[in-house]
Amino acid sequence: MDSAIFWRVAVVQVAAVAILSLLLAAIFSHGFFEAWGWLVGPLAWLACAWLTARIVGLPEAPVLVRAAISGIPSALFVLLSLHWLGAAVAVAIFATWCAHLPRPMAGDAA
């Protein structure tokens with residue numbers, strides 16, 4: 001496991017999720033998320049993972065697969081009304097799996 005990649009992925013993903021969450025919360029009402037959160041949440045998570053892959057310089061397809069799989073435990077936490085704990089667990093799983101990808105070559109990062 002590459003600890004430098006782990007921390008870069010974790011920090012970028014947390015920042016991306018936090019910024020997008022604040023932006024969406026400013027645009028939409030709470031009721032919107034109660035009705036559409038099941039769709040918006042996973043799409044937002046994948047969008048943030050795509051951005052993370054671009055910023056860190058990792059291959060997008062494997063990163064998106066890792067993001068989708070790491071989101072499954074997060075969904076379980078949502079069912080227990082522990083949404084943000086689930087997000088933290090998902091980031092940890094996601095960053096760990098991304099840290100096992102080959103290190104990007106110098107100049108490959110966006």
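Tutor: What follows goes through the packing around helix H4 and then turns to other sites in the chain. The model is predicted.

Helix H4 covers residues 83–98. Two packed helices are described by the angle between their axes and the distance between the axes. For helix H1, residues 3–27, and H4, the axes come within 8 Å and cross at roughly 145 degrees. That crossing is right-handed. On the H1 side the contact is made by Ile5, Phe6, Val9, Ala10, Gln13, Val14, Val17 and Ser21. On the H4 side the residues are Trp84, Val91, Ala92, Phe94, Ala95, Thr96 and Cys98. Sorted by class, this H1–H4 contact holds twelve nonpolar and three polar residues, with no charged residues.

Alanine 10 belongs to helix H1, and its contacts, leaving aside neighbours within four places in sequence, are Val91 and Ala95. Alanine 10 counts as buried because its relative accessibility is 11%, which is under the 20% limit for that class. The C-alpha atoms of alanine 10 and alanine 88 lie 9.5 Å apart, although 78 residues separate the two in sequence.

Helix H2, residues 30–56, also packs on H4, here at an angle of about 35 degrees and with the axes 13 Å apart. H2 passes H4 in a right-handed crossing. From H2 the contact takes Trp45, Ala49 and Thr52, and from H4 it takes Ala90, Val91 and Phe94. The class count for H2 with H4 is five nonpolar residues, one polar and no charged. Val91 and Phe94 of H4 are listed in the contact with H2 and also in the contact with H1.

Helix H3 can be followed through serine 70, which lies in that helix. Not counting residues up to four places away in sequence, serine 70 touches Trp45, Ala90, Ile93, Phe94 and Trp97. Among these, Trp45 belongs to H2, and Ala90 and Phe94 belong to H4, in the H2–H4 contact. Serine 70 is classed as buried because its relative accessible area is 0%.

Serine 81 sits in the loop between helix H3, residues 60–79, and H4. Its phi is near 60 degrees, a positive value in a residue other than glycine. With a relative accessible area of 66%, serine 81 is exposed, since that class begins over 50%.

Leaving aside neighbours within four places in sequence, aspartate 2 is in contact with Ala99 and Arg103. Its relative accessible area is 17%, so aspartate 2 is buried.

Proline 42 is found within helix H2. At 43% relative accessibility, proline 42 counts as partly exposed. Its C-alpha atom is separated by 9.8 Å from that of serine 74, which is 32 residues away along the chain.

Two kinds of side-chain pair remain. Side chains of opposite charge can pair when their charged atoms come close. The structure holds one salt bridge. It joins glutamate 60 to arginine 54, with the closest N and O atoms 3.0 Å apart. Glutamate 60 is partly exposed at 29% relative accessibility, and arginine 54 is partly exposed at 39%.

For aromatic rings, a search of the whole structure finds six pairs. In one of them, phenylalanine 28 and phenylalanine 32 are stacked, at 4.1 Å centre to centre and with 15 degrees between the planes. Phenylalanine 28 counts as partly exposed at 33% relative accessibility, and phenylalanine 32 is partly exposed at 23%. Ring pairs link Phe28, Phe32 and Phe33 into a cluster.

To return to the part asked about, H4 meets H1 with twelve nonpolar residues in the contact and meets H2 with five.

Methods:
Residues numbered from 1 in each chain as written. Predicted model: local features only at pLDDT ≥ 70, side-chain atom pairs only at ≥ 80, totals over all residues. Heavy atoms only, no water. Phe/Tyr/Trp six-rings, centres within 6.5 Å; stacked < 30°, edge-to-face > 60°. Buried < 20%, exposed > 50% of the residue type's maximum accessible area, 1.4 Å probe, protein only. Axes fitted to C-alpha atoms, helices over the stretch in contact; angles between N-to-C directions. Helix = DSSP H or I, 4+ residues; strand = E, 2+ residues; numbered from the N terminus. Left-handed = near helix turned anticlockwise from the far one by under 90°. Contact = heavy atoms within 4.5 Å. Nonpolar A, V, L, I, M, F, W, Y, C, P; charged D, E, K, R; others polar. Salt bridge = Lys/Arg side-chain N within 4 Å of Asp/Glu carboxyl O.
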